[in-house]
Amino acid sequence: MQYDIHTKVRPVKAGDTLPEPALEVSAESKRMSGAEILLRSLEAEGVKVIFGHPGGAVIKVYDEMMRIRPGFEHVLVRHEQGGTHAAEGYAKATGKVGTVLVTSGPGATNTVTGIADAYMDSVPIVVFTGQVPTNLIGNDAFQECDAIGVTRSVTKHSFLVRDVRDLARTIREAYHIARTGRPGPVLVDLPKDVLMAEAPFHYPEQVNIRGYVVPDAGRSDKIARAARMIAASERPVFYVGGGVVNSDASEVLTEIARTAGIPVTTTLHGLGAYPEEDPLALRMLGMHGTWWANQAIQHCDLIIAAGARFDDRVTGKLDSWAPHAKVIHIEIDQSCISKNVFADCAILGDVKTVLQQLKPHIKPKDTSGWLAEIDTWRQECPLAYDHDDKLRAQYVIEALREKTGGRAVVLTDVGQHQMWTAQYFRFLFPRTHITSGGLGTMGFGMPAAMGAAFGLREQGSDMPVVCISGDGGFVMNAQELSVAAAHKLPLKIAVINNRFLGMVRQWQELFHMERYSHTDLSDTNPNFVKLAEAYNCVGLRASSPDEVRGVLDAAWEVTDRPVVMEFQVVKEEMVFPMVPAGAATGDMITQRLTPNSFV
Amino acid sequence: MSDTLVLTPQQIIRKKAAGEPIEPDDSQQKDRHTIVVLVENTIGAFIRVINMFSARGFNIDSVTVGTTEDASVSRMNIVTTGNGRIISQVLRQLSRLVDTIGVVDLTGTDYVERELCLLKVRYTDRSRSEILDTSGIFKGRIVDITSETMTIELRGPSKKVDAFVKLMAPHNIVEVARSGCVAMQRDHAA
Ligand SMILES: Cc1cc2nc3c(=O)[nH]c(=O)nc-3n(C[C@H](O)[C@H](O)[C@H](O)COP(=O)(O)OP(=O)(O)OC[C@H]3O[C@@H](n4cnc5c(N)ncnc54)[C@H](O)[C@@H]3O)c2cc1C
Ligand SMILES: Cc1ncc(C[n+]2csc(CCOP(=O)(O)OP(=O)(O)O)c2C)c(N)n1
């Protein structure tokens with residue numbers, strides 16, 4: 001192997017400046033507690049809302065919060081996991097960093113799922129955890145937990161602050177790391193004595209982390225090569241992921257796609273990065289993607305992957321995926337390049353910057369023959385479900401789409417309803433589809449919707465926030481309903497109640513001879529309408545197609561609290577098309593077959 | 001970093017279809033790699049680096065950590081055995097860590113490597129001279145001797161230390177302490 005030095009020499013991305021000038025504190029001299037430094041730092045960072053839960057290790061922070069009344073809102077969540085998902089929803093809806101504050105021990109461990117979720121889906125959040133005093137660390141002290149150790153493999157980075165004089169700088173670095181490059185969760189562990197100790201406050205303007213460099217522009221020779229590959233291709237496809245949403249690259253992507261007539265397929269996290277009603281849109285690819293998007297991938301001669309990471313839910317069996325395609329991969333994280341799929345032309349950089357570099361090289365192309373071929377696949381196997389007197393999730397989702405015209409931020413939980421939302425909602429704008437894809441965390445949807453609603457409120461947006469959840473996942477974090485109600489957030493929550501852990505049931509039906517082991521929820525489901533009411537929300541219910549519109553209309557009348565709409569749907573419905581796990585993308589199941597076909 | 005790594009299955013299939021020559025599939029092939037990682041001098045940084053290897057199922061044959069000319073920078077020398085393509089990916093994952101300053105795979109380059117070994121062996125009148133001879137050939141130094149045991153200090157490339165320990169095995173070894181390997185690339189500019 002040749003001599004490979006991975007020394008980081010690229011320039012730091014410009015523009016990571018503070019949203020506002022650092023506080024005009026005559027600070028150099030004024031000493032304050034670590035707890036106040038934390039709050040002042042968040043103000044200086046431009047934080048407008050944090051999701052938190054108090055406890056002994058952070059009691060000083062809460063005390064100072066009451067005293068100094070910082071310029072951001074603290075939302076008291078009812079479970080720390082809900083807090084982290086809310087921070088994720090906030091971050092994904094706004095593009096800003098989400099903030100969480102919890103106590104030591106159980107407070108910290110309760111955030112782990114949310115942190116892992118943010119890590120898998122590249123969501124920028126900063127989690128502040130309280131910690132026992134420095135001299136007790138490692139002593140099995142009361143409510144001690146090695147939060148850094150527990151989360152090491154699911155954080156982008158973490159800090160233990162040992163000296164109050166390092167606190168402000170550490171917070172500055174934490175936000176910088178969470179936000180830039182491939183975004184991700186950063187944990188800052190705050191021992192109680194550090195929060196009590198005093199120091200002068202100074203929030204640094206500049207961040208200087210020598211080992212941390214953020215790629216921005218792509219190498220010009222690679223750009224030129226990519227342009228030649230695009231010009232030479234006859235059957236190109238854009239494969240677009242969450243990175244395009246993260247870097248706000250939709251506009252330039254759309255220009256390039258339209259100029260060169262390149263069809264665009266998106267991952268689950270790319271939904272909305274390209275308007276799904278556009279003739280060039282192939283919609284989602286992968287396990288539950290459209291037949292035509294997957295066919296296009298199998299027959300294309302060039303894949304332009306932009307901010308997408310070749311997840312196994314997308315590629316299925318790797319060695320038969322896109323057998324004829326050369327690959328251009330635009331990616332900010334060098335460790336993602338050629339990880340699963342070999343990149344013939346890898347461009348390390350920010351996808352927006354790289355696409356802007358690429359744009360002047362793109363000439364109009366005639367791809368009409370290719371697009372016509374894709375259209376035959378589109379006719380061959382459209383997305384469809386039965387329209388009869390039974391209520392189905394797909395119908396509810398289409399009704400929600402009709403009600404909002406696509407002008408809504410839609411969050412989902414995990415399961416069948418998540419896939420149907422991806423298939424049937426037809427997203428038009430970036431940051432309007434938010435879900436848990438990488439970790440697939442049930443219980444994500446509702447608290448994340450709450451976080452998104454705080455974000456939209458802060459931005460003065462009047463887009464409705466819609467949460468589509470399953471009856472299984474909704475219950476996992478339903479406690480946050482009361483928080484959303486207390487803050488008068490007009491969330492529209494659709495609980496798709498099929499009385500089953502539907503996605504698992506689907507696999508049991510298809511691959512386990514219809515042995516429905518422990519997936520029937522009929523005995524343990526709550527009364528969703530009463531549950532909503534118990535939490536000061538409005539509860540509504542529909543159990544047939546003709547009741548759906550009335551329920552939606554009633555829900556949209558409510559403006560001062562969340563509405564939980566329970567839709568009682570049939571349990572037998574399955575998500576199709578589907579590439580069975582580990583199968584080749586070419587072997588998609590497009591309709592219900594007998595279970596024996598797969599065993 | 002070149003982006004033409006060893007071929008993935010997808011690439012092999014594509015080449016086959018195009019009738020292009022394919023280098024042998026190396027996915028089973030494992031080699032010894034000597035890797036240098038420069039990191040911030042913090043425990044957390046070391047752990048993250050080591051974690052990265054264990055997460056990918058690599059054994060670390062040896063690891064050494066020490067400071068450099070800059071006291072805030074530590075140099076980790078890591079010897080591991082594994083598939084080149086996967087190691088190359090681990091290196092990319094290492095270099096994306098916030099605390100790593102540089103990552104170099106010395107394997108296949110011109111570099112010097114040294115390891116220090118202390119070996120305590122119980123001797124008898126019969127074995128004494130053979131032990132001394134062998135350590136003499138390896139340029140070992142006797143650093144301690146009692147009426148029953150002697151302790152030999154040996155330094156050199158890890159392979160030399162391996163060979164020495166192997167030759168000593170028939171004798172009555174009491175304990176062996178090896179430092180792990182430190183490595184540095186030779187300077188071509190001079
Ligand atoms: C039940 C279930 C079923 C699923 N089925 C499907 C399916 O059918 N189809 C599907 O697509 N997914 C599906 N998923 C989701 C899937 O697991 C992955 O989460 C998803 O495919 C990953 O999306 P992505 O490639 O866009 O990557 P993301 O996880 O969004 O990662 C973004 C990528 O872009 C890079 N990036 C970030 N910022 C930038 C920037 N500024 N510049 C350049 N690059 C950047 C990152 O480094 C990363 O590689 C399913 C999930 C569940 C739970
Ligand atoms: C925390 C968690 N536990 C288990 C799973 C495995 N799992 C994936 S989908 C699913 C079923 C979800 O059921 P429900 O919330 O009712 O949604 P549906 O599939 O019926 O739409 C389960 C159990 C998971 N993703 N997350």
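At roughly what angle do the axes of helix α1 and helix α2 of chain A cross? In this predicted model, the angle is roughly 60°, and the axes come within 8 Å of each other. Helix α1 spans residues 34-44 and helix α2 spans residues 59-68. Two packed helices are described by the angle between their axes and the distance between the axes, so that pair of values is a handy place to start.

α1(A) and α2(A) are therefore oblique to each other. The crossing of α1(A) past α2(A) is right-handed.

## Who meets whom

On the α1(A) side, the residues in contact are Ala35(A), Glu36(A), Leu38(A), Leu39(A) and Arg40(A). Their counterparts in α2(A) are Lys60(A), Val61(A), Glu64(A), Met65(A), Arg67(A) and Ile68(A). By class, the contact of α1(A) with α2(A) has six nonpolar residues, five charged ones and no polar ones.

## Domains

Stepping back to the whole chain, the domain assignment of chain A lists domain 1 (5-200), domain 2 (220-380) and domain 3 (393-576). The C-alpha centres of domain 1 and domain 3 of chain A are 30 Å apart. Domain 1 of chain A gives 27 residues to the contact, and domain 3 of chain A gives 27 residues.

The average pLDDT of chain A is 93, with 94% of the residues scoring at least 70. Residues 20-25 of chain A have pLDDT below 50, and this stretch makes nine contacts beyond near neighbours in sequence. Residues 593-599 of chain A also have pLDDT below 50, with 10 such contacts in the model. Where pLDDT is low, the predicted coordinates should not be read in detail.

Methods: Residues numbered from 1 in each chain as written. Chains lettered and ligands numbered in written order. Predicted model: local features only at pLDDT ≥ 70, side-chain atom pairs only at ≥ 80, totals over all residues. Heavy atoms only, no water. pLDDT = per-residue confidence, 0-100. Contact = heavy atoms within 4.5 Å. Axes fitted to C-alpha atoms, helices over the stretch in contact; angles between N-to-C directions. Helix = DSSP H or I, 4+ residues; strand = E, 2+ residues; numbered from the N terminus. Parallel < 35°, antiparallel > 145°, perpendicular 65-115°, else oblique. Left-handed = near helix turned anticlockwise from the far one by under 90°. Nonpolar A, V, L, I, M, F, W, Y, C, P; charged D, E, K, R; others polar. Domains from an automatic or database assignment.
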